[in-house]
Amino acid sequence: MIDWKETTRPKRLLLCLAMMGLAQAQVAAASASHSPLTGHAKNQQAYHSINKSIVQQSSNLAVTWQVVDNLQDSYNSFLADLTIENRGDEELAAGDWTIYFNFVRDILAVTPADQFSIQHINGDFFKMTPAAGFTGLKPGESVTVQIKASFWAISKSDAPAGFYIVQNGPSGDSDPMAITDVTLGDQVTLEQTSRFDGDNLPLDTAGVRFERNQQYLAAANTAGTILPTPAQMTVDKTAMLTVDGPIQLFFDHHFAREGKYLKNQLKALGIPVEVVSSCGKTANAICLQGEYASTNAGDSESYRLNSSAGAGVEISAATSAGMFYGVQSLLALIPVETYQGAGLPMQLPVVQIEDAPRFSYRGMHLDVARHFSQVDSVKRLIDVMALYKLNKLHLHLSDDEGWRLEIPSLPELTEVGGSRGHTSDELDHLVPSFGSGPYADSNNGSGYFSREEFISLLRYAAKHHIEVIPEFDLPGHARAAIKSMEFRAKRLADEGKPYQGKSFLLSDPQDQSQYKSVQGWTDNVVNPCMPSTYFFINQVVGEVFNMYLEAGQRMPAFHVGADEVPNGVWKNSQACEQMFGRDELTADDVEMLNRFFNSTVTGIVSAYGTKIAGWEELAFIHEDGSKVVNPNFVGGIMVPYVWNNVWGWGTEDNAYKLANAGYPVVLANATNLYFDLAYQKDPEEPGYYWAGFVDTRTVFEFTPMDLFKSAWTDRMGNPLNDSMWGSHTRLAADHADMIKGIQGELWSENVKTDGDLFYLALPKLLGLAERAWAPQPDWAVVEDQGQRLTDLNSAWSGFASRVGEYDLKRLDYWNNGYEFRVPLPGAKVEDGTLEANVAFPGLEIRYTLDGSEPDQSSALYTGPVAANGSVKLKAFTPSGRGSRTVEVN
């Protein structure tokens, strides 16, 4: 137990913080007055001179990675070959060079050890150096290094990346040379594609896909009319509304923004629009007016839409948000041919819709820290989110690998923390991560939003009725901020201002604690025993809050992450030892520090009139060796986002424990809502798979109010049944309203291009929109698991048909087209007959029988066809975008 004297020490620190507030304001004023960064920029020049002199060049070395055997150990390791080939004209010397790379596994052994050494630097960053037994590599020669690494590698996303070489000489290191000739070997054998002997999930072959598609789509179901499915909708199948002339658009002045949005959308489709002063009653009329208010739970976003063969379209809503969603439903009624450029005339169905969302929180999370996404890419994501009635964008703006928002009073955050590249001391930028390579100015590991860009992004989102939730991960996942503030302290100390340099420091220089985060970092947790940590947090919260004010928006919450703080932190920090009055902190001390940190940060955020949000760890504490709900922040001030529900890990019911205790919960479940996880078990599919594989169907079958009804198999492919969850906490009926909504998560370790972003996000986002907006489906409450699966397949059949026949074809053209994932065909050849299918019926399958690559001129698959030998197939969108090629022998 901790005695009273010890528990009062954090309170004394809090008092100390308050007393030091005036001093901090004076420091900030002094920093601001030492010119608008001109003096700072002058001093930066010396620190950045090495980086600026780097000339980008490629090495003549080539690297090949080949996974050999995941099954050589019962569970804990795998073997792979790393082959280095000299394709240049000069010999690679026997010594004095270092090859750097990133790798998301621990390296356990290297063979031959007498020739090469591989050392872990930090995070996923490694270096390889020659040992005494290496005699050099002549032109044309190659050498193979066998690596034994932790766990398994069944995907090419697991491979090392970002190779570059530096020559080490007596006068210093050479500029880095990127190794761009990198080959990832095929993985086809059982040993290359299985995680361990207990991996029962089959490889996603053409035959496996064919059987899966047959099962999922066997239950014929008429495709729904629009997505997400409205609360109430009737269709008059005996009539159509024909629009054959310019649209006569009327909108109430309260809905001017929504009216202009609709006008621009129609004009982009080549449909002429005339804004009129009164609501007409002709086939070409569209009227937006405020007459409707639903009595449903989501009435603030409700709307009514009526279309008539003779009187056009009328949308009514009580709020601008409701009107905006009514407009999106109208856009979903427009024929796909119109999106493809058909123009007028066009025919719309005659419908009556009364609609409101199921959840008030319908979110999408985007990590811009691991890899940065430019403003235009984020705006395109906002566009498609709005199209499908999502209303929250959670931006993960900082992590170990990057800080992505300009904080003018702390410019080092983006000058150092906003870029990655080769560095000897991280005084210019962070080390490479996730294969970002040696050059800080030419990779997606570098970049940030300026203050002006972020404000413009907030305004753009608001126009689309989307709130932006900013996240700055603390106390863990904070290395970018820590290294940036260490550079700031050094710079100001060199300028003779050591006190100012320490005023925002996040790390204790005398901290001897040893730890390693899940991602391999040994110095990524801020120190809670230093007042400067809280000055920093207050400074960031305040500046971000002011950006929202300038954008004319309310900051809906400030997300602090609070996840994955590793064991071992703070135990041997001098600052913490002084605070507790002992040489080494106990586990109870560390737990109290974590609670104190979260409580203090909650107070800082609350002072700005907003809520604090974080991952689920924020709302749990540890008592007597057990994790329990923290009772001190129930009632709404703290919003936990629950993510860790991997089937079989014992945390499946975290969300319901928190909701039942009174916390407003956002579901972000890894098993169904982590969009960065690979679509299927296929070495070619980008993405990780630690929590399983997530495709559009996995998102669609999510059951927020009874999570266990969406547990069909575990991540190793073993079947799950309802009886397994009897001891787990269920959502109490009187706390069902504490589930505020759901959110798709797109972590960006593998989002290295805009194409990667939308490949992983779409069409999964359509399943998210359906579960977030549409009423609870009937199949979700069926108690019998077998019948539930039958009903689920029937519902999925209608959804998948709608997506394939309409939504993917619309997204193929709308807003200049989206690079969504085109599903691979399923196929089999039996008794000389080819059969094929696709997950989203409506997409074309083209095939060849002569070994050539299919294209849009190849034979169109319409039914079983005679085939012998090798068959190649691809699925195509109307614009000509294709899936990867599938080969069936």
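The questions and answers below go through selected features of a predicted model.

Reader: How are residues numbered, and what pLDDT do local features need in this predicted model?

Author: Residues are numbered from 1 along each chain as its sequence is written, and side-chain values use heavy atoms, with hydrogens and water left out. Because this is a predicted model, side-chain atom pairs count only at pLDDT 80 or more, totals for chains, interfaces and linings use all residues, and local features need pLDDT of at least 70.

Reader: How far apart are the end C-alpha atoms of helix 9?

Author: Helices (H or I, at least four residues) and strands (E, at least two) are DSSP runs, numbered from the N terminus, and helix 9 covers residues 375–387. The expected span of a helix is 1.5 Å times one less than its number of residues, so the 13 residues of helix 9 should span 18 Å. The end C-alpha atoms agree with this, being apart by 18 Å.

Reader: How many of the 13 residues of helix 9 are buried?

Author: A residue is called buried under 20% relative accessible area, exposed over 50% and partly exposed in between, with a 1.4 Å probe and protein chains only. Among the buried residues of helix 9 are Val375, Val378, Leu381 and Asp383. Helix 9 is mostly covered, and the number of its buried residues is 10.

Reader: Is helix 9 roughly parallel or roughly antiparallel to helix 11?

Author: Axes are lines fitted to C-alpha atoms, for helices over the stretch in contact, and angles run from 0 to 180 degrees between N-to-C directions; contact itself means heavy atoms within 4.5 Å. The axes of helix 9 and helix 11 (residues 451–463) come within 10 Å and cross at roughly 10°. Angles under 35 degrees count as roughly parallel, over 145 as roughly antiparallel, 65 to 115 as roughly perpendicular and the rest as oblique, which makes helix 9 and helix 11 roughly parallel.

Reader: Which residues in helix 11 meet helix 9?

Author: On the side of helix 9, the residues taking part are Val375, Val378, Lys379, Ile382 and Asp383. Their partners in helix 11 are Glu453, Ser456, Leu457, Tyr460 and Ala461.

Reader: Is the disulfide of Cys279 and Cys287 right-handed or left-handed?

Author: A disulfide is a pair of cysteine sulfur atoms within 2.5 Å, and the sulfur atoms of Cys279 and Cys287 are 1.9 Å apart. Cys279 counts as partly exposed at 25% relative accessibility, whereas Cys287 counts as buried at 2%. The torsion about the S-S bond is about 105°, so this disulfide is right-handed.

Reader: How many residues apart in sequence are the parts that Cys529 and Cys576 tie together?

Author: Cys529 and Cys576 form a disulfide with their sulfur atoms 2.1 Å apart, and with 100° about the S-S bond this link is right-handed. Cys529 lies in the loop between helix 13 (498–502) and helix 14 (531–550), while Cys576 lies in helix 15 (residues 574–580), so the parts tied together are apart in sequence by 47 residues.

Reader: Are Cys529 and Cys576 buried or exposed?

Author: The relative accessibility of Cys529 is 7%, so Cys529 counts as buried. For Cys576 the value is 0%, so Cys576 also counts as buried.

Reader: How far apart in space are Val350 and Ala309?

Author: Val350 lies in strand 18 (residues 346–355) and, at 11% relative accessibility, counts as buried. Leaving aside neighbours within four places in sequence, the residues in contact with Val350 include Thr234, Met240, Ser308 and Ala309. Val350 and Ala309 are 41 residues apart in sequence, and their C-alpha to C-alpha distance is 6.6 Å.

Reader: What is the omega of the peptide bond from Leu762 to Pro763?

Author: Most residues other than glycine have a negative phi, and most peptide bonds are trans. Pro763 lies in the loop between helix 20 (754–761) and helix 21 (764–773). The bond from Leu762 to Pro763 is cis, with omega near 10°.

Reader: What is the phi of Asp624?

Author: Asp624 lies in the loop between strand 26 (620–623) and strand 27 (626–629), and Asp624 counts as exposed at 82% relative accessibility. Asp624 is a residue other than glycine with a positive phi, near 50°.
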